[in-house]
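These are my notebook entries on a single structure. I set down what I looked up, in the order in which I looked.

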Amino acid sequence: MVERELRREMAVLPIGVVRELTGLSDRQIRYYDQQKLITPQRGNGKQRRYSLKDVDRLFEIADYLDLGYSIADIHEMDQKKAATERQNGDAAMRRAFADELMRIGRFNNHNSFRQ
């Protein structure tokens, strides 16, 4: 599963292939890059190289635009999603820390705070 995810992140697709897969023009793809909605890697000679995740993201962007969202709306949704993911990550970290403290008995011994 991890290997498959890593392969989806491999930036090996040139813009011509991405154009054919998505139906978007080169200009649209470059514009979404300029707007920082996607971040393709750069190959030799500064050529953009896209991953399968980038292609999925381009489909997502196109869907949002078709639904009437603007680029600014998409940025706002991305920021909200990132904030939620950070909060969920922080909460998970706190739960894991509390679980570990409980596991080692830190809170089971009332005298442990006086040491």
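Leaving aside its neighbours within four places in sequence, with which residues is leucine 58 in contact? I worked from a predicted model. I found that leucine 58, with neighbours within four places in sequence set aside, is in contact with Val18, Thr22, Leu24, Ile29, Tyr32 and Ile38.

Entry on the core. I next looked up the largest nonpolar core, which has 15 residues. Those that touch the most other members are Val18, Ile29, Tyr32, Ile38, Tyr50, Leu58 and Ile61. I noted that at least two residues of this core come from each of helix 2, helix 3, helix 4 (52-66) and helix 5 (71-103). Helix 4 contributes the most, namely four residues.

Entry on helix packing. I then turned to helix 2 (residues 15-22) and helix 3 (residues 26-34), which pack with their axes 9 Å apart and at an angle of about 105°. Angles of 65 to 115 degrees count as roughly perpendicular, and the two helices are therefore roughly perpendicular to each other. On the side of helix 2, I recorded Ile15, Val18, Arg19 and Thr22 as making the contact; on the side of helix 3, Asp26, Ile29 and Arg30. By class, the residues of this contact are three nonpolar, one polar and three charged.

Entry on the annotation. I consulted the UniProt record, an unreviewed entry, which places the feature "domain: HTH merR-type" at residues 12-80. In the model, I found this span to be 61% helix and 6% strand, with its end C-alpha atoms 30 Å apart.

Conventions:
Residues are numbered from 1 along each chain as its sequence is written. This is a predicted model: local features need pLDDT of at least 70, side-chain atom pairs count only at pLDDT 80 or more; totals for chains, interfaces and linings use all residues. Side-chain values use heavy atoms; hydrogens and water are left out. UniProt positions are given in the numbering used here, feature names are shortened, and annotations may be inferred rather than shown by experiment. Axes are lines fitted to C-alpha atoms, for helices over the stretch in contact, and angles run from 0 to 180 degrees between N-to-C directions. Angles under 35 degrees count as roughly parallel, over 145 as roughly antiparallel, 65 to 115 as roughly perpendicular and the rest as oblique. Contact means heavy atoms within 4.5 Å. Ala, Val, Leu, Ile, Met, Phe, Trp, Tyr, Cys and Pro count as nonpolar, Asp, Glu, Lys and Arg as charged, and the others, Gly among them, as polar. A nonpolar core is a set of buried Ala, Val, Leu, Ile, Met, Phe, Trp, Tyr and Cys residues joined through side-chain atoms within 4.5 Å. Buried means under 20% relative accessible area, exposed over 50%, partly exposed in between (1.4 Å probe, protein chains only).
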